[in-house]
Amino acid sequence: MSSASKKLTVEQETELRWLQRSTSQQAGQFDGQAWASHDLRGRLGDVRCPVLLVQGTDDFFVQDGLVDDTVAEMGSTAQLLRVPDIGHYPPLENPEWVAQVADTFVKQLTETTD
């Protein structure tokens, strides 16, 4: 499971293997084609709502430069949180932490709009 952090529990690794195997090859192929042909660069500055980008430092699929470029193009609407010891699947690898981060992010937004 090189796409995830090295700290997966046996249960998490089993679940991730199941998730990856349960996706049909055809669906995976179409997913890859969609990602390769769907380029939003040049339009990210149009995003007006706050966005929290979470990137695991062990994620080799999504490179730092791509995330940095995304944040730069989005400007002040984007916040970046790089997380050590997390790979490509933060909600699977540390669901409690992800829930807490999402909860805190939304609460901060609602507090500033009240």
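Which residues does T77 touch, not counting residues up to four places away in sequence? In this predicted model, the answer is V47, R48, C49, P50 and V51.

The protein has 114 residues. Its secondary structure comprises 5 helices and 2 strands. From the N terminus, these elements follow the order α-α-β-α-β-α-α. Buried residues make up 21% of the protein. The accessible surface is about 8200 Å². Carbon and sulfur atoms contribute 56% of that surface. Among contacts with a separation of 6 or more, 71% join residues 24 or more positions apart.

T77 sits in the loop between α3 (64–74) and β2 (78–83). Its relative accessibility is 15%. T77 therefore counts as buried, since the cut-off is under 20%. The contacts of T77 beyond four places in sequence are with V47, R48, C49, P50 and V51.

Q12 belongs to helix α1, which spans residues 10–22. Its relative accessible area is 12%. This value is under 20%, so Q12 is buried. The side chain of Q12 reaches the backbone nitrogen of T9, at 2.8 Å. Once neighbours within four places in sequence are set aside, Q12 is in contact with K7, L92, E93, N94 and P95.

How values were computed. Residues numbered from 1 in each chain as written. Predicted model: local features only at pLDDT ≥ 70, side-chain atom pairs only at ≥ 80, totals over all residues. Heavy atoms only, no water. Helix = DSSP H or I, 4+ residues; strand = E, 2+ residues; numbered from the N terminus. Buried < 20%, exposed > 50% of the residue type's maximum accessible area, 1.4 Å probe, protein only. Polar contact = N/O pair within 3.5 Å; in protein donor to acceptor, adjacent residues only side chain to side chain. Contact = heavy atoms within 4.5 Å. Areas by Shrake-Rupley, 256 points an atom, 1.4 Å probe, with all protein chains shown as cover.
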